[in-house]
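Q: Could we go through this model together, so that I learn how to read its ring pairs and its helix contacts?

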Amino acid sequence: MALPVKDQIKYWGIATAISALVLWLLGDVLLPFVMGGAIAYFLDPVADRLERMGLSRNAATAVITVISVVTFTVMLLAVIPTLVQQAVSLAQTAPQLLTDLQTFLNERFPYLTDDSGIVHDTLLKIGQIIQEKGAQVLGTLFNSAKSVVDLAILLLIAPVVAVYLLVDWDRMIERIDTLLPRDHVETVRFLAREIDGVLSGFVRGMGSVCLILGVYYAFGLWLVGLQFGLVVGVIAGILTFIPYVGALVGGALAIGLALFQFWGDWPSIIAVWAIFQSGQLIEGNVLTPRLVGSSVGLHPVWLLLALSVFGSLFGFVGMLVAVPVAAAIGVLARFALSQYKGSLLYRGQAENKES
């Protein structure tokens, strides 16, 4: 005899509440494991393709690990030191940039920046905040022993977790399948395939888009000669994951820095603008349609809401979990809607009377 629906809802609700509580209490501890799981999920199709080429699962994982280690080592030696140096320089230069902006506005638009004006007060407050908090934030990030230890743990544990999960990914999925409720196994499998389709289309696709655009922006701005081009390119590439935010923040930051550095050199300023404009054209017409697709089912507003809510509740690990949870809720909502439209609650007796 099947368990009543009311009892099933109660038990699954309790399981969901316990999971949310554990995530809230142990978010920092779980971060390396969530990161490792995300990496393994991202690389599983690559391992599957290598298996189809004749490699065993262990050999495929070894090939992926070696390539990843070499890539990370090259980045660690060639890119990351420059990136950190530019980030520190940008934070230290920001107060002076605001002072230069205020001077520029005083000369060009004095009526906007008089001592009683809103622009003057706003720039003054921003400058004070950066001066007070900038050094504190950088010190916390780069000098705090706890932050260094946490970063070391993340860089050590997450790859190890990813390797183990990647080796056992298929067996792990089969094991989970054996634990599904037998009364609903086909429905759960269908929903799991739908959720995997949404995630694979969005997470893997947008991850590739972010990587390509980040490299493109950083290389393009470096060629133009923008002083903090590498940092701006990386920021724009990472934020591309959030719809519209990467282009707005990266473009505004790059063009703002270009105006300070190249004022009067209009070809260079136009070149910076052209880099971001062409990047948006490439993303909208080539990268996103090919790598993400149009049937992912994650609306930008829904994604922004999920990132905001989970980030506020569970911190950074919540933002990592937000996308799969948002995808799952979207799939479940569409499934519930289809069930509702096929029920008597929606159709009523009108359809029977017509027939």
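A: Rings of Phe, Tyr and Trp (for Trp, its six-membered ring) pair if their centres lie within 6.5 Å, and planes under 30 degrees apart count as stacked, over 60 as edge-to-face and the rest as tilted. Tyr-216, Tyr-217 and Phe-276 form one aromatic cluster here. The model is predicted, with local features needing pLDDT of at least 70 and side-chain atom pairs counting only at pLDDT 80 or more, while totals for chains, interfaces and linings use all residues. Residues are numbered from 1 along each chain as its sequence is written, and side-chain values use heavy atoms, leaving out hydrogens and water.

Q: How many aromatic pairs does a search of the whole structure find, and what are the ring geometries of Tyr-217 with Phe-276 and of Phe-219 with Trp-222?

A: The search finds five aromatic pairs. In one of them, Tyr-217 and Phe-276 have ring centres 4.3 Å apart and planes at 15°, so this pair is stacked. Because Tyr-217 lies in helix 7 and Phe-276 in helix 10, the pair ties together parts that are 59 residues apart in sequence; helices here are DSSP runs (H or I, at least four residues), numbered from the N terminus. The rings of Phe-219 and Trp-222 have centres 5.8 Å apart and planes at 35°, so that pair is tilted, and both residues lie in helix 7, three residues apart, about one turn of the helix.

Q: Which of these residues are buried and which exposed?

A: Buried means under 20% relative accessible area, exposed over 50%, and partly exposed in between (1.4 Å probe, protein chains only). Tyr-217 is buried at 1% and Phe-276 is buried at 5%, whereas Phe-219 is partly exposed at 48% and Trp-222 is exposed at 59%.

Q: How is the packing of helix 9 and helix 10 to be read?

A: Two packed helices are described by the angle between their axes and the distance between the axes. Axes are lines fitted to C-alpha atoms, for helices over the stretch in contact, and angles run from 0 to 180 degrees between N-to-C directions. The axes of helix 9 (residues 245–261) and helix 10 (residues 266–292) come within 9 Å and cross at roughly 170°, so the two helices are roughly antiparallel (an angle over 145 degrees). In their contact (heavy atoms within 4.5 Å), residues including Ala-254 and Ala-258 of helix 9 meet residues including Trp-273 and Phe-276 of helix 10.

Technical notes
Angles under 35 degrees count as roughly parallel, over 145 as roughly antiparallel, 65 to 115 as roughly perpendicular and the rest as oblique.
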